[in-house]
Amino acid sequence: MNYLKRIIYGCDKATMTIEKKLVTGSLTFREKFELRIHFIGCSVCRLYSRQSHIINELVKQLLHSNPPANTKLDDDFKKDLQDRIEKELNKN
Amino acid sequence: MGIDSYQLDPHQWVKQHADYLYAYTIKRINNHELAKDLVQETFLAALERVDKFEQKSSERTWLTAILKNKIIDVYRKKSSGLLKESSGNETEQDFFQEEGHWWPDHRPVSFGIEDIDPLVSKEFNSILQKCMQKLPAMWLAVFTMKHMDDEETATICAELKVSPANFWVIIHRTKLNLRACLQKNWI
């Protein structure tokens with residue numbers, strides 16, 4: 001009974017398992033079983049699971065979006081940099 | 001020379017690749033001065049190992065690989081404290097009671113995140129960015145490597161010198177904090 005109680009009350013463990021599932025795409029049989037039992041009684045973790053999945057998608061889209069058009073180096077910096085490279089090349 | 005062999009042309013490096021490398025860095029380290037330094041260091045380091053270029057990858061791929069290592073060095077340096085470094089962020093005890101249940105005031109509630117079209121919502125993205133910037137450097141590094149470059153967990157652990165157990169703690173805490181921050185700020 002204690003085992004079942006821990007599954008039912010264990011939102012800390014359930015949310016960790018949800019993160020594992022999102023990152024690895026796979027869970028052990030035991031993890032799947034325990035999460036399913038937990039979800040039956042816990043609408044809060046069901047909601048967490050949905051939101052966590054969406055957050056990952058939103059973060060991915062943010063990280064993969066193009067940087068603003070002004071994310072460019074200024075010309076002076078570039079000129080100095082190429083000059084420095086030429087200097088290094090001439091050393092050899 | 002076969003089609004598969006690539007050549008280096010350092011005389012064209014800045015013109016061809018500097019803006020690309022700079023944008024690549026800004027997305028991973030949101031700091032303009034540091035990003036400029038890293039681009040410069042990348043070219044100079046590349047010059048020193050021109051003889052190690054194997055012609056198997058393009059010039060840009062090769063330069064990006066050098067830059068990536070430098071970015072990981074920065075992540076590593078920034079995150080010396082590791083798990084202790086959770087300043088201003090909350091840990092498991094803040095979210096969950098002893099027997100594992102959510103504290104009532106930390107419980108997730110529906111806050112409309114399901115309906116956001118991220119392509120439209122600039123406002124949401126700026127909140128998301130702010131919430132991410134609040135995370136400790138190590139957490140952000142792990143999160144970025146996972147979600148931007150889709151790195152293997154083992155690779156992230158090895159490169160950032162994090163144990164697999166700590167990796168999961170970081171992922172878990174990051175998400176708990178990020179979700180809570182979004183719920184608080186996106187109403």
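**Note on a predicted two-chain model**

1. Val142(B) touches Ile156(B), Leu160(B), Val162(B), Phe167(B), Ile170(B) and Ile171(B), leaving aside residues up to four places away in sequence.

2. The domain assignment of chain B gives domain 1 as residues 10-78 and domain 2 as residues 82-185. Taken over C-alpha atoms, the centres of the two domains of chain B are separated by 28 Å. Where the domains meet, 5 residues of domain 1 of chain B are in contact with 7 residues of domain 2 of chain B. On the side of domain 1 that touches domain 2, helix α3 (residues 59-78) of chain B provides the largest share, 4 residues. The residues on that side of domain 1 of chain B divide into 2 nonpolar, no polar and 3 charged.

3. Cys181(B) may be examined next. This residue lies in helix α8 (residues 164-185) of chain B. Cys181(B) has 19 other C-beta atoms within 10 Å; the cut-off for a buried residue is 20 or more, so Cys181(B) counts as partly exposed. Not counting residues up to four places away in sequence, Cys181(B) touches Cys131(B) and Lys134(B). Between the C-alpha atoms of Cys181(B) and Asp9(B), which are 172 residues apart along the chain, the separation is 47 Å.

4. Chain A contains 5 helices and 0 strands, and its elements run α-α-α-α-α from the N terminus on. The radius of gyration of chain A is 25 Å, whereas the globule rule gives 12 Å for 92 residues; the value for chain A is well over this, so the chain is more spread out than a compact globule. Along its principal axes, the C-alpha trace of chain A spans about 75 × 30 × 15 Å.

5. Within chain A, buried residues make up 23% of the 92 residues. Among the contacts in chain A between residues at least 6 apart in sequence, 70% join residues at least 24 apart.

6. The contact between the chains takes 37 residues from chain A and 42 residues from chain B. On the side of chain A that touches chain B, the elements that give two or more residues are α2 (11-24), α4 (43-64) and α5 (75-91) of chain A. Of these, α4(A) supplies the largest share, 16 residues. The residues on this side of chain A divide into 19 nonpolar, 9 polar and 9 charged.

Conventions
Residues numbered from 1 in each chain as written. Chains lettered and ligands numbered in written order. Predicted model: local features only at pLDDT ≥ 70, side-chain atom pairs only at ≥ 80, totals over all residues. Contact = placed C-beta atoms within 7 Å. Nonpolar A, V, L, I, M, F, W, Y, C, P; charged D, E, K, R; others polar. Domains from an automatic or database assignment. Rg over C-alpha atoms; globule rule 2.2 N^0.38 Å. Buried ≥ 20, exposed ≤ 12 C-beta atoms within 10 Å, placed from the backbone.
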